[in-house]
Amino acid sequence: MQTVEHIFEKNQTPKPLVLAINAVLEASKEIAFLLQKGAMSGILGSAEQENVQGETQKKLDVISNDLLKDILKACPVVAGIASEEEDLPVPANKDGEFLVIFDPLDGSSNIDINVTVGTIFSILPSNGNDASQESTYLQSGREQLAAGYVLYGPSTLLVMTTGQGVDVFTLDPETQEFVLTESQSTITPTTQEFAINMSNQRFWAESIQNYVGDLLQGEEGKLGKRYNMRWVAAMVAEVHRIINRGGIFMYPWDSREPAKPGKLRLMYEGNPMSMLVEQAGGLSSNGKIAIMDVVPEHIHQRVPVILGSKQEVETALKY
Ligand code: AHG
Ligand code: MN
Ligand code: MN
């Protein structure tokens, strides 16, 4: 049996980076515990306040954000944090080397119905810059030192990369350790499964309308094969399915709110998921370039997302 600590040793992950990742994992175990207690821990329902993105926060969005923030601020290697649920970056320790960027609770609409949610994290170098300044955080996804998610489902899983492939760990409820359960995951290059929120169809650009139209045509259309569809409404769950059995996931640009090109956020969702997908041999694009090549202008910036099985994403991009 190999724990996440053994894998850090095997990969010679630098000690300070291990400390930063472990701080995220410590918080995630507490979130997993609260989720298991469910209604008994008073975490369900709305917090009746909005975040900086104008979304109504769930109680657990706020609780998990505070848990991560408190633990990370107390971790000496962390220079600062940026979170989907914080208006501004939060500086932590002057001598810290890392910026920890996170979506504390992904898939919030699933909390109250007892369906999969997750925590997504991304670690960037602080390069000695001022962690109270937004500009310090505006690095492309290629600068990430580590990225991953913790998925709270029937089991609690950690899926992580430090740039040496993607490993999957399962939280042992008895020992509270993340145990390696799949080493070096890879994404199948072809697929017959897609994920997109079809209710937004009329707001999409023509190219994506055409591509999804052809997916729906199945073996009778020009793609020549029948496709199945899934939508869990939690990116963590969609990416996890793709890492397991391939697929294509899209949250494309749409015209609902012109100021927000797509729903998903570049730094909290797009970049960490893209690093995992690329490390597992898949592709991740905003429709024009690799998401990790996008140079961020704001920490809360949105990005259109098309990711998954390499050949299928290439097919989509031809449209
Ligand atoms: P969050 O809960 O962090 O706001 O993210 C939810 C995101 C993503 O996880 C998911 O793919 C998508 O929103 C679901 O969107 P719809 O509500 O349009 O289905
Ligand atoms: Mn999210
Ligand atoms: Mn969230």
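**Group meeting: a predicted model and its ligand site**

Leu-99 has its place in strand S5; strands, numbered like the helices from the N terminus, are DSSP runs of E with at least two residues, and helices are runs of H or I with at least four. Before I continue, please note that this is a predicted model, in which local features need pLDDT of at least 70 and side-chain atom pairs count only at pLDDT 80 or more, while totals for chains, interfaces and linings use all residues. Residues are numbered from 1 along each chain as its sequence is written, chains are lettered from A and ligands numbered from 1 in the order in which they are written, and side-chain values use heavy atoms, with hydrogens and water left out.

Let me stay with Leu-99. Is Leu-99 buried or exposed? Its relative accessible area is 0%, so Leu-99 is buried. By definition, buried means under 20% relative accessible area, exposed over 50%, and partly exposed in between, computed with a 1.4 Å probe on protein chains only. Residues up to four places away in sequence being left out, Leu-99 touches, among others, Ala-79, Gly-80, Ile-123, Leu-124, Ala-131 and Tyr-137; contact here means heavy atoms within 4.5 Å. Leu-145 stands 46 residues from Leu-99 in sequence, and the C-alpha atoms of the two are 10.0 Å apart.

I move on to the loop that joins strand S5 (98–106) to strand S6 (117–125), which holds Asn-110. Asn-110 counts as buried because its relative accessibility is 3%. Beyond its neighbours within four places in sequence, Asn-110 contacts Val-115, Thr-116 and Val-117, and also Val-232, Ala-233 and Ala-234.

Next, the ligand. How many residues surround ligand 1? There are 17, and the closest are Asp-106, Gly-107, Ser-108, Met-235 and Tyr-251; a residue is included if one of its heavy atoms lies within 4 Å of the molecule. A polar side-chain atom of Glu-84 is 3.0 Å from an oxygen atom of ligand 1. For Trp-231, a polar side-chain atom is 2.9 Å from a ligand 1 oxygen. Ser-108 takes part through its backbone, with an N or O atom 2.8 Å from an oxygen of ligand 1.

Met-235 also leads us to a helix pair. Helix H6 (residues 235–245) packs with helix H7 (residues 266–279) at an angle of about 10°, and their axes are 11 Å apart. H6 is therefore roughly parallel to H7. The axes are lines fitted to C-alpha atoms, for helices over the stretch in contact, and the angles run from 0 to 180 degrees between N-to-C directions. Angles under 35 degrees count as roughly parallel, over 145 as roughly antiparallel, 65 to 115 as roughly perpendicular, and the rest as oblique. From H6, Met-235, Val-236 and Val-239 meet Glu-269, Met-273 and Val-277 of H7. The residues of this contact comprise five nonpolar, no polar and one charged. In this scheme Ala, Val, Leu, Ile, Met, Phe, Trp, Tyr, Cys and Pro are nonpolar, Asp, Glu, Lys and Arg are charged, and the others, Gly among them, are polar.

Met-275 belongs to helix H7 as well. Its relative accessibility is 7%, so Met-275 counts as buried. Outside the four places on either side in sequence, Met-275 touches residues including Leu-145, Ala-146, Thr-161 and Met-292.

I turn now to Ser-285, in strand S14 (residues 283–285). Ser-285 is buried, because its relative accessible area is 5%. A polar atom of the Ser-285 side chain lies 2.8 Å from the backbone nitrogen of Gly-287. Val-313, in helix H8 (residues 310–318), is 28 residues from Ser-285 in sequence and 8.1 Å from it, C-alpha to C-alpha. Val-313 has a relative accessible area of 0% and is therefore buried.

Finally, two loop residues. Gln-12, between helix H1 (4–10) and helix H2 (15–37), has a phi near 55°, a positive value in a residue other than glycine. Gln-12 counts as exposed, because its relative accessibility is 70%. Asn-127, in the loop between S6 and helix H4 (134–137), likewise has a positive phi, near 55°. At 54% relative accessibility, Asn-127 also counts as exposed.

How values were computed. A polar contact is a pair of N or O atoms within 3.5 Å; within protein, one must be able to donate a hydrogen and the other to accept it, and residues adjacent in sequence count only if both atoms are side-chain atoms.
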